[in-house]
Amino acid sequence: MAANNKPKKSLKHKGLSTLKSVLVYGFIFIIIYTAINWWRQPVMPANPQLQLIDYQDKSINLGKISQSKPTLIYFWGTWCPICSITSEAINELAKDTHYSIVTIAIKSGSDQDLHRYLIENNYTFTTINDRNGEIFADWQGQVTPSYIILKDSKMTQGLTGIQPLWSLKLRLWLSEAF
């Protein structure tokens, strides 16, 4: 009978090994996610059009709004399944904070279609109807949802994908503080 001299791993050793694997793979995930987010984020045009008209014909001056506090610009579409999730957080942010929120609905139909969609979903945020996607294209947007934070008419941050409410609040606070 051959003796097995290999000691068995203790429960503590297995736990530490598992924790190490989770941390390593988590770190790799964060690096890849950050790189993809950076690559896909919108890019501020050299001469951005910051004077826009919302879907109700109200003038919105993003440059002026962003002078007093950071302003979150949220690119989304009524047709975007992920946006139906993220728009809830944007609506909450627009109601509950002192930051300005302006949304740009990309290729989401007529003003009447957009109005109906906003009412059906109880969204109260300020919305610009980018019927043909020209504004989004000007910012070199690649995916929805996308976000831009403007401060003093300059882009301080750009991001894409699902962003929880706490993350958006933190990013706005950081843009205000620094």
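Mentor: Let's start with helices and strands: these are DSSP runs, H or I of at least four residues for helices and E of at least two for strands, numbered from the N terminus. Ile 36 lies in helix α1, residues 11–40. Keep in mind that this is a predicted model, where local features need pLDDT of at least 70, side-chain atom pairs count only at pLDDT 80 or more, and totals for chains, interfaces and linings use all residues. Residues are numbered from 1 along each chain as its sequence is written, and side-chain values use heavy atoms, with hydrogens and water left out.

Ile 36 counts as partly exposed because its relative accessibility is 41%; buried means under 20%, exposed over 50%, and partly exposed in between (1.4 Å probe, protein chains only).

Now for Gln 163, in the loop between β7 (154–160) and α6. At 6% relative accessibility, Gln 163 counts as buried. Its side chain reaches the backbone oxygen of Thr 160 at 3.1 Å. Leaving out residues up to four places away in sequence, Gln 163 touches Tyr 33, Thr 86, Ala 89, Tyr 147, Leu 168 and Arg 171 (contact means heavy atoms within 4.5 Å).

Tyr 147 and Leu 168 turn up again in the largest nonpolar core, among the members of its 21 residues that touch the most others. Such a core is a set of buried Ala, Val, Leu, Ile, Met, Phe, Trp, Tyr and Cys residues joined through side-chain atoms within 4.5 Å. Elements supplying at least two residues each include β6 (146–151) and α6 (165–177). A second, separate core has 15 residues, including Phe 75 and Trp 139.

Key:
Polar contact = N/O pair within 3.5 Å; in protein donor to acceptor, adjacent residues only side chain to side chain.
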